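Here is a friendly briefing to read alongside the sequence and the model. Take a look at the fold, and then let's walk through it topic by topic.

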Amino acid sequence: MIRKILSAPYYRIRHALAAWTWRIRNRITGHPGRPEAPPNTTTLEFLATTGCKNIAEIGVEWGSTSKEIAKWLEGKGVLHLFDYEDRVKLVAERLRQAGFTNIVGHGNSRRTLDSYNWSLMEILRDGNVPAFDYVFLDGAHTWPIDALAFFLIDRLLAPGGYLDFDDYDWTIDSSPTVNPRVYPPMRRLYTEEQMRSQQVALVVNLLVRKGGNYEELVPNKIFRKRS
Ligand SMILES: C[S@@+](CC[C@H](N)C(=O)[O-])C[C@H]1O[C@@H](n2cnc3c(N)ncnc32)[C@H](O)[C@@H]1O
(Lines give C-alpha, C1' and ligand atoms only; values in the text may rest on other atoms or scores of the structure.)
Protein backbone atom coordinates (compact mmCIF):
# COMPACT_ATOMS: atom_id res chain seq x y z
CA MET A 1 0.00 0.00 0.00
CA ILE A 2 2.72 2.46 1.07
CA ARG A 3 4.78 1.50 -1.99
CA LYS A 4 1.70 2.16 -4.18
CA ILE A 5 1.15 5.59 -2.62
CA LEU A 6 4.83 6.52 -2.94
CA SER A 7 4.96 5.47 -6.59
CA ALA A 8 1.87 7.53 -7.54
CA PRO A 9 2.59 10.84 -9.28
CA TYR A 10 2.97 13.76 -6.86
CA TYR A 11 -0.17 15.57 -8.03
CA ARG A 12 -2.34 12.47 -7.41
CA ILE A 13 -1.10 12.15 -3.84
CA ARG A 14 -1.66 15.87 -3.29
CA HIS A 15 -5.17 15.68 -4.73
CA ALA A 16 -6.07 12.59 -2.66
CA LEU A 17 -4.82 14.25 0.54
CA ALA A 18 -6.71 17.46 -0.26
CA ALA A 19 -9.94 15.54 -0.97
CA TRP A 20 -9.58 13.59 2.27
CA THR A 21 -8.97 16.78 4.29
CA TRP A 22 -12.05 18.43 2.76
CA ARG A 23 -14.21 15.39 3.51
CA ILE A 24 -13.26 15.69 7.19
CA ARG A 25 -13.83 19.45 7.08
CA ASN A 26 -17.31 18.97 5.56
CA ARG A 27 -18.24 16.46 8.26
CA ILE A 28 -17.07 18.77 11.04
CA THR A 29 -18.51 22.06 9.74
CA GLY A 30 -21.69 20.61 8.24
CA HIS A 31 -21.08 22.82 5.16
CA PRO A 32 -20.11 21.18 1.88
CA GLY A 33 -16.93 22.56 0.39
CA ARG A 34 -14.04 21.53 -1.81
CA PRO A 35 -10.48 22.60 -2.58
CA GLU A 36 -9.77 25.43 -5.01
CA ALA A 37 -10.56 24.39 -8.59
CA PRO A 38 -8.60 25.55 -11.66
CA PRO A 39 -10.22 28.22 -13.88
CA ASN A 40 -12.70 26.99 -16.49
CA THR A 41 -10.61 27.13 -19.67
CA THR A 42 -13.46 26.27 -22.08
CA THR A 43 -15.43 29.22 -20.77
CA LEU A 44 -12.43 31.56 -20.89
CA GLU A 45 -11.44 30.52 -24.42
CA PHE A 46 -14.99 30.99 -25.70
CA LEU A 47 -15.48 34.29 -23.89
CA ALA A 48 -12.32 35.61 -25.56
CA THR A 49 -14.01 35.16 -28.97
CA THR A 50 -16.88 37.47 -27.96
CA GLY A 51 -17.08 41.17 -27.31
CA CYS A 52 -19.10 40.70 -24.11
CA LYS A 53 -18.75 43.34 -21.44
CA ASN A 54 -21.54 42.66 -18.93
CA ILE A 55 -20.64 39.32 -17.50
CA ALA A 56 -22.20 37.33 -14.68
CA GLU A 57 -20.49 34.40 -13.01
CA ILE A 58 -23.03 32.55 -10.92
CA GLY A 59 -21.15 30.40 -8.42
CA VAL A 60 -17.66 31.82 -7.98
CA GLU A 61 -16.28 29.64 -5.19
CA TRP A 62 -12.63 30.80 -4.70
CA GLY A 63 -12.69 33.07 -7.74
CA SER A 64 -10.36 31.07 -10.02
CA THR A 65 -12.42 31.80 -13.15
CA SER A 66 -13.53 35.24 -11.90
CA LYS A 67 -9.91 36.40 -11.73
CA GLU A 68 -9.23 35.36 -15.32
CA ILE A 69 -12.44 37.03 -16.55
CA ALA A 70 -11.49 40.23 -14.72
CA LYS A 71 -8.03 40.15 -16.35
CA TRP A 72 -9.58 39.62 -19.78
CA LEU A 73 -12.01 42.53 -19.30
CA GLU A 74 -9.00 44.85 -18.70
CA GLY A 75 -11.14 47.22 -16.66
CA LYS A 76 -13.84 47.55 -19.33
CA GLY A 77 -17.44 46.53 -18.62
CA VAL A 78 -18.60 44.88 -15.40
CA LEU A 79 -18.13 41.49 -13.80
CA HIS A 80 -21.05 40.47 -11.56
CA LEU A 81 -20.29 37.80 -8.96
CA PHE A 82 -23.03 35.64 -7.41
CA ASP A 83 -22.56 33.18 -4.55
CA TYR A 84 -22.98 32.97 -0.78
CA GLU A 85 -22.21 36.39 0.73
CA ASP A 86 -19.03 35.23 2.52
CA ARG A 87 -17.62 33.87 -0.74
CA VAL A 88 -18.60 36.89 -2.84
CA LYS A 89 -17.06 39.22 -0.24
CA LEU A 90 -13.78 37.31 -0.23
CA VAL A 91 -13.48 37.04 -4.01
CA ALA A 92 -14.57 40.65 -4.65
CA GLU A 93 -12.06 41.91 -2.05
CA ARG A 94 -9.23 39.89 -3.59
CA LEU A 95 -10.06 41.22 -7.05
CA ARG A 96 -10.27 44.82 -5.83
CA GLN A 97 -6.92 44.42 -4.05
CA ALA A 98 -5.51 43.18 -7.35
CA GLY A 99 -6.64 46.47 -8.91
CA PHE A 100 -9.91 45.49 -10.56
CA THR A 101 -12.60 48.11 -9.86
CA ASN A 102 -15.32 46.87 -12.21
CA ILE A 103 -16.61 44.16 -9.87
CA VAL A 104 -20.17 44.00 -8.49
CA GLY A 105 -20.92 41.42 -5.80
CA HIS A 106 -24.34 39.84 -5.25
CA GLY A 107 -24.20 37.66 -2.15
CA ASN A 108 -26.99 35.63 -0.61
CA SER A 109 -27.34 34.02 2.83
CA ARG A 110 -26.71 30.38 3.63
CA ARG A 111 -30.34 29.74 4.69
CA THR A 112 -31.67 26.48 3.30
CA LEU A 113 -33.95 27.95 0.64
CA ASP A 114 -31.87 31.00 -0.22
CA SER A 115 -29.82 31.18 -3.40
CA TYR A 116 -28.59 33.49 -6.17
CA ASN A 117 -32.14 33.37 -7.50
CA TRP A 118 -33.04 36.01 -4.93
CA SER A 119 -30.24 38.29 -6.19
CA LEU A 120 -31.36 37.71 -9.80
CA MET A 121 -34.92 38.58 -8.78
CA GLU A 122 -33.67 41.87 -7.27
CA ILE A 123 -32.01 42.87 -10.54
CA LEU A 124 -35.19 42.00 -12.45
CA ARG A 125 -37.34 43.89 -9.90
CA ASP A 126 -35.14 46.98 -10.11
CA GLY A 127 -35.57 47.06 -13.86
CA ASN A 128 -31.92 46.94 -14.98
CA VAL A 129 -32.78 44.80 -17.98
CA PRO A 130 -31.07 43.46 -20.03
CA ALA A 131 -28.38 43.21 -17.41
CA PHE A 132 -25.93 40.76 -18.96
CA ASP A 133 -24.53 39.67 -22.30
CA TYR A 134 -22.70 36.62 -20.89
CA VAL A 135 -23.79 34.40 -17.99
CA PHE A 136 -21.66 31.56 -16.71
CA LEU A 137 -23.96 29.41 -14.55
CA ASP A 138 -21.78 27.27 -12.28
CA GLY A 139 -23.67 27.22 -8.99
CA ALA A 140 -25.83 24.62 -7.28
CA HIS A 141 -26.19 22.31 -10.31
CA THR A 142 -29.60 21.22 -9.01
CA TRP A 143 -33.06 21.33 -10.55
CA PRO A 144 -34.80 23.17 -7.67
CA ILE A 145 -32.33 26.07 -7.90
CA ASP A 146 -31.10 26.09 -11.50
CA ALA A 147 -34.41 25.54 -13.28
CA LEU A 148 -35.63 28.83 -11.81
CA ALA A 149 -32.18 30.37 -12.38
CA PHE A 150 -32.55 29.62 -16.09
CA PHE A 151 -35.85 31.52 -16.37
CA LEU A 152 -34.49 34.49 -14.43
CA ILE A 153 -31.28 34.59 -16.49
CA ASP A 154 -33.34 34.36 -19.67
CA ARG A 155 -35.19 37.54 -18.63
CA LEU A 156 -31.92 39.29 -17.79
CA LEU A 157 -29.85 38.22 -20.81
CA ALA A 158 -29.66 40.47 -23.88
CA PRO A 159 -30.76 39.00 -27.24
CA GLY A 160 -27.60 37.56 -28.85
CA GLY A 161 -26.12 37.01 -25.38
CA TYR A 162 -24.58 33.78 -24.17
CA LEU A 163 -25.58 31.31 -21.49
CA ASP A 164 -22.80 28.98 -20.42
CA PHE A 165 -23.44 25.92 -18.22
CA ASP A 166 -20.80 24.00 -16.33
CA ASP A 167 -20.96 20.30 -15.43
CA TYR A 168 -23.71 18.98 -17.73
CA ASP A 169 -23.02 15.40 -16.50
CA TRP A 170 -22.58 16.16 -12.81
CA THR A 171 -24.57 14.24 -10.18
CA ILE A 172 -24.75 14.64 -6.42
CA ASP A 173 -24.04 10.94 -6.04
CA SER A 174 -20.80 11.09 -8.05
CA SER A 175 -19.50 14.26 -6.40
CA PRO A 176 -16.43 13.60 -4.22
CA THR A 177 -17.47 16.36 -1.80
CA VAL A 178 -21.28 16.35 -1.53
CA ASN A 179 -22.27 12.72 -2.16
CA PRO A 180 -24.37 11.42 0.75
CA ARG A 181 -21.63 9.08 2.01
CA VAL A 182 -19.34 12.06 2.58
CA TYR A 183 -22.02 14.67 3.28
CA PRO A 184 -25.03 12.90 4.92
CA PRO A 185 -27.34 16.00 5.08
CA MET A 186 -27.89 15.50 1.32
CA ARG A 187 -30.22 12.62 2.23
CA ARG A 188 -32.60 15.10 3.87
CA LEU A 189 -32.66 17.26 0.72
CA TYR A 190 -32.88 14.80 -2.19
CA THR A 191 -34.21 11.34 -3.03
CA GLU A 192 -31.87 8.58 -4.24
CA GLU A 193 -33.19 9.09 -7.78
CA GLN A 194 -32.54 12.82 -7.63
CA MET A 195 -29.02 12.29 -6.30
CA ARG A 196 -28.28 9.98 -9.23
CA SER A 197 -29.79 12.36 -11.83
CA GLN A 198 -27.80 14.74 -13.99
CA GLN A 199 -29.72 17.82 -12.94
CA VAL A 200 -27.86 20.36 -15.09
CA ALA A 201 -28.63 18.12 -18.08
CA LEU A 202 -32.32 18.26 -17.12
CA VAL A 203 -32.24 22.06 -17.21
CA VAL A 204 -30.42 22.08 -20.56
CA ASN A 205 -32.53 19.35 -22.20
CA LEU A 206 -35.97 20.31 -20.94
CA LEU A 207 -35.78 24.08 -20.67
CA VAL A 208 -33.00 25.45 -22.91
CA ARG A 209 -33.25 23.05 -25.88
CA LYS A 210 -37.00 22.50 -25.84
CA GLY A 211 -37.66 26.23 -25.41
CA GLY A 212 -36.32 26.75 -28.94
CA ASN A 213 -34.89 30.25 -28.37
CA TYR A 214 -31.25 29.18 -27.93
CA GLU A 215 -28.66 28.10 -30.47
CA GLU A 216 -26.18 25.51 -29.18
CA LEU A 217 -22.60 26.68 -29.87
CA VAL A 218 -20.51 24.41 -27.63
CA PRO A 219 -22.21 21.02 -27.08
CA ASN A 220 -23.95 20.70 -23.71
CA LYS A 221 -22.38 23.95 -22.56
CA ILE A 222 -22.68 27.28 -24.38
CA PHE A 223 -25.91 28.59 -25.93
CA ARG A 224 -26.73 31.88 -27.68
CA LYS A 225 -30.08 33.53 -27.07
CA ARG A 226 -31.78 34.29 -30.38
CA SER A 227 -34.26 37.04 -29.49
C1 LIG B 1 -18.39 24.72 -8.81
S2 LIG B 1 -18.35 26.05 -7.72
C3 LIG B 1 -18.03 27.44 -8.78
C4 LIG B 1 -16.67 27.40 -9.41
C5 LIG B 1 -16.29 28.69 -10.12
N6 LIG B 1 -17.25 29.05 -11.14
C7 LIG B 1 -14.93 28.57 -10.78
O8 LIG B 1 -14.87 28.39 -12.00
O9 LIG B 1 -13.92 28.60 -10.04
C10 LIG B 1 -20.05 26.23 -7.31
C11 LIG B 1 -20.38 27.45 -6.44
O12 LIG B 1 -21.79 27.56 -6.35
C13 LIG B 1 -22.13 28.09 -5.10
N14 LIG B 1 -23.50 27.76 -4.73
C15 LIG B 1 -24.07 26.54 -4.64
N16 LIG B 1 -25.32 26.65 -4.14
C17 LIG B 1 -25.54 27.97 -3.90
C18 LIG B 1 -26.63 28.72 -3.37
N19 LIG B 1 -27.76 28.11 -2.95
N20 LIG B 1 -26.49 30.06 -3.25
C21 LIG B 1 -25.36 30.67 -3.65
N22 LIG B 1 -24.28 30.02 -4.15
C23 LIG B 1 -24.37 28.69 -4.27
C24 LIG B 1 -21.12 27.41 -4.16
O25 LIG B 1 -20.96 28.19 -2.98
C26 LIG B 1 -19.86 27.34 -5.01
O27 LIG B 1 -18.99 28.39 -4.71
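Helices (H or I, at least four residues) and strands (E, at least two) are DSSP runs, numbered from the N terminus. This is a predicted model, in which local features need pLDDT of at least 70 and side-chain atom pairs count only at pLDDT 80 or more, while totals for chains, interfaces and linings use all residues. Residue numbers start from 1 along each chain as its sequence is written.

**Overall make-up**

- The chain's secondary structure comes to 10 helices and seven strands.
- Of the 227 residues in the chain, 31% are buried, where buried means that 20 or more other C-beta atoms lie within 10 Å of a residue's own, exposed means 12 or fewer, and partly exposed is in between, with C-beta atoms placed from the backbone.
- Two residues are in contact if their C-beta atoms, placed from the backbone, lie within 7 Å. Among contacts between residues at least 6 apart in sequence, 66% join residues at least 24 apart.

**The sheet**

- Seven strands build an open sheet of mixed pairing, in the order S3-S2-S1-S4-S5-S7-S6; two strands pair if DSSP finds at least two bridges between them.
- Strands S3 (103-108) and S6 (214-218) stand at the edges with a single partner strand each, so one side of each is left without a neighbour in the sheet.
- From one strand to the next, the twist averages 20°. Axes here are lines fitted to C-alpha atoms, for helices over the stretch in contact, and angles run from 0 to 180 degrees between N-to-C directions.
- S1 (residues 54-58) and S2 (residues 78-84) run parallel and are joined by five bridges, with Ile 58 standing opposite Phe 82 in S2.
- S6 and S7 (residues 222-225) run antiparallel, joined by four bridges; Glu 215 has Arg 224 in S7 as its bridge partner.
- S6 and S7 form a hairpin with three residues between them, and Asn 220 in the turn has a positive phi of about 60°.

**Helices across the sheet**

- Helix H5 (residues 85-97) lies across S2 and S3, at about 165° to S3.
- Helix H6 (residues 116-125) lies across S1, S2 and S3, at about 125° to S3.

- H10 (residues 199-211) has 13 residues and reaches 17 Å from its first C-alpha to its last, close to the 18 Å expected at 1.5 Å a residue; the expected span is 1.5 Å times one less than the number of residues.
- Gln 199, Val 200, Val 203 and Val 204 of H10 are buried, and what covers the buried residues of H10 includes helix H7 (143-156) and strand S5 (157-165).
- Gly 212 follows H10 and has a positive phi, near 80°.
- His 141 is found in the loop between strand S4 (132-137) and H7, and counts as buried because it has 23 C-beta neighbours inside 10 Å.
- Leaving aside neighbours within four places in sequence, His 141 is in contact with Asp 146, Asp 167, Trp 170, Gln 199 and Val 200. His 141 and Val 200 are 59 residues apart in sequence and 5.4 Å apart in space, C-alpha to C-alpha.

**Around the ligand**

- Among the 19 residues around the ligand, Gly 59, Glu 61, Thr 65, Ser 115 and Ala 140 come nearest; a residue is near a molecule or strand if its C-beta atom, placed from the backbone, lies within 6 Å of it.
- Helix H4 (64-73) and S2 each supply at least two residues of this shell.
- By class, the shell around the ligand has seven nonpolar, seven polar and five charged residues. Ala, Val, Leu, Ile, Met, Phe, Trp, Tyr, Cys and Pro count as nonpolar, Asp, Glu, Lys and Arg as charged, and the others, Gly among them, as polar.
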